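Let's take a friendly look at the pockets of this protein and at one of its helices.

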Amino acid sequence: MDNAVIFGAGATGRGLMGQLFTASGYAVTFVDNDEPVIAALNECGVYRLALVDNVGRREVQVGPVKGLLMDDTEAIVDELAVASVGATGVGARSLPMVASLLAAGVRRRMADGVEAPLNLLICENMPDVAHALRNLVEERLGAEEREYARTHLGLADVVIGRVIPEPTHEMRERDITAMLAEPYAEISVDRDGIIGEPPRIMGMHAVSPIGPWITRKLYLHNAAHALMGYLGYRRGLHLGYEALNDRVVRGILEKAMAESRAGLVHAFDFDAGELAGYMTRLWTRLGNMALADPVRRLARDPLRKLVPGERLVGPARLAEAAGVTPEGLAWGIAGALDYDAGDDASAEELQARIAIEGIGPVMESVCGISLDEPLGQLVIARYARLRRGDWPG
């Protein structure tokens, strides 16, 4: 059985990559700072993953697995020396530590004369994160080691296709290693970041270039979540599936997704039928009542989600370029600008700026949308309607 190392035993690690690797015939070693989780994984050698949707619940036993603490450098390097694949799901702050461990692993593999590549799937929510991680690794290597790493260490960006909520306190109390996720499990991986033949991983599609696939998820899945969050909040709803089932929100959402699809087909030559099939699956996934995603989680951090290339303004611009008026997406942008949840620091900052500067200047500085262009006029009109509670239809 081949070996895999996963940095991060959290939602991405246990909720997705652990299952995909073990189902593909790998023995998995998790590396994390969570001492109770690592201890429990070592004690049991397996963990439970509950796959839930509106049809029911299916329990999957994931294994064989074991765990190492992040500061156990020698043992981690021993695992990296014999691994053929790996993954990260640690967050930006932990990437320098991962880079140090990978650099030590490269030195060991080079010293041992290992010619087989080690390919890591980089599952972080950051643009060009594989490139950033490679730079961090190479900073810790000598010239000869860097040359070896460039031909023997693959680092590939990943687009994750699974919703995995963070375990609640109650879940950890019952079983500290157990995870909950939707059944759907698909990852798109940057073929250009993989050295040699792509590893055979269940649910993995190696694509080149990866950029359009990143954009597809952002402008469809993430955009839909944002619209559900902002419009659901303004409709007084609490959960994502409630927003999806709301007649008004659903109508706006369907219009917005059609606009986004048109923009994607125009910009990246996606197959229109394939995108329609993706959306058919996505509607089912978005309506997963078992995951009960709060609208405030879907809506949080509006300042980040309103920037020009992000999930609302980005697809609106693509739609415009395709000759499609982004009427539905304009509702989403207006909803984000109007989002005023008191427990969200980003929303509070946004509303404070609007109170001082006015909606027009804030829309231009945050979204890159001016008042005198068609998209600006669409957004401002919908913003005014939201403030009045004047919904379409």
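## What counts as lining

A residue lines a pocket when it has an atom within 4 Å of one of the pocket's grid points. With that in hand, please keep in mind that this model is predicted.

## The second largest pocket

By that definition, the second largest pocket is lined by Asp2, Tyr26, Ser84, Val85, Pro117, Asn119 and the run Ile195, Gly196, Glu197, Pro198, Pro199 and Arg200. Its volume is about 160 Å³.

## The largest pocket

The largest pocket has a volume of about 1,500 Å³. It is lined by 42 residues, and those closest to its centre are Glu124, Asn125, Lys217, Asn222 and Arg311. Two or more lining residues come from each of α1 (11-23), β8 (153-161), α8 (211-234), α12 (295-299) and α13 (302-305).

Which element gives the most to this lining? That is α8, with ten residues. Sorted by type, the lining of the largest pocket holds 19 nonpolar, nine polar and 14 charged residues.

## A buried helix

Now for helix α15, residues 327-337: is it largely enclosed or open? Ten of its eleven residues are buried, so α15 is largely enclosed by the rest of the structure. Buried here means under 20% relative accessible area. To follow this along the helix, look at Gly328, Leu329, Ala330, Trp331 and Gly332, then Ile333, Ala334, Gly335, Ala336 and Leu337, which are the buried residues of α15.

Definitions and conventions:
Residues numbered from 1 in each chain as written. Predicted model: local features only at pLDDT ≥ 70, side-chain atom pairs only at ≥ 80, totals over all residues. Heavy atoms only, no water. 1 Å grid on protein atoms, 1.4 Å probe; cavity = no way out; pocket = protein on both sides within 12 Å on 5 of 7 lines; lining within 4 Å. Points joined across faces, edges and corners; volume = space filled by probe spheres on them. Helix = DSSP H or I, 4+ residues; strand = E, 2+ residues; numbered from the N terminus. Nonpolar A, V, L, I, M, F, W, Y, C, P; charged D, E, K, R; others polar. Buried < 20%, exposed > 50% of the residue type's maximum accessible area, 1.4 Å probe, protein only.
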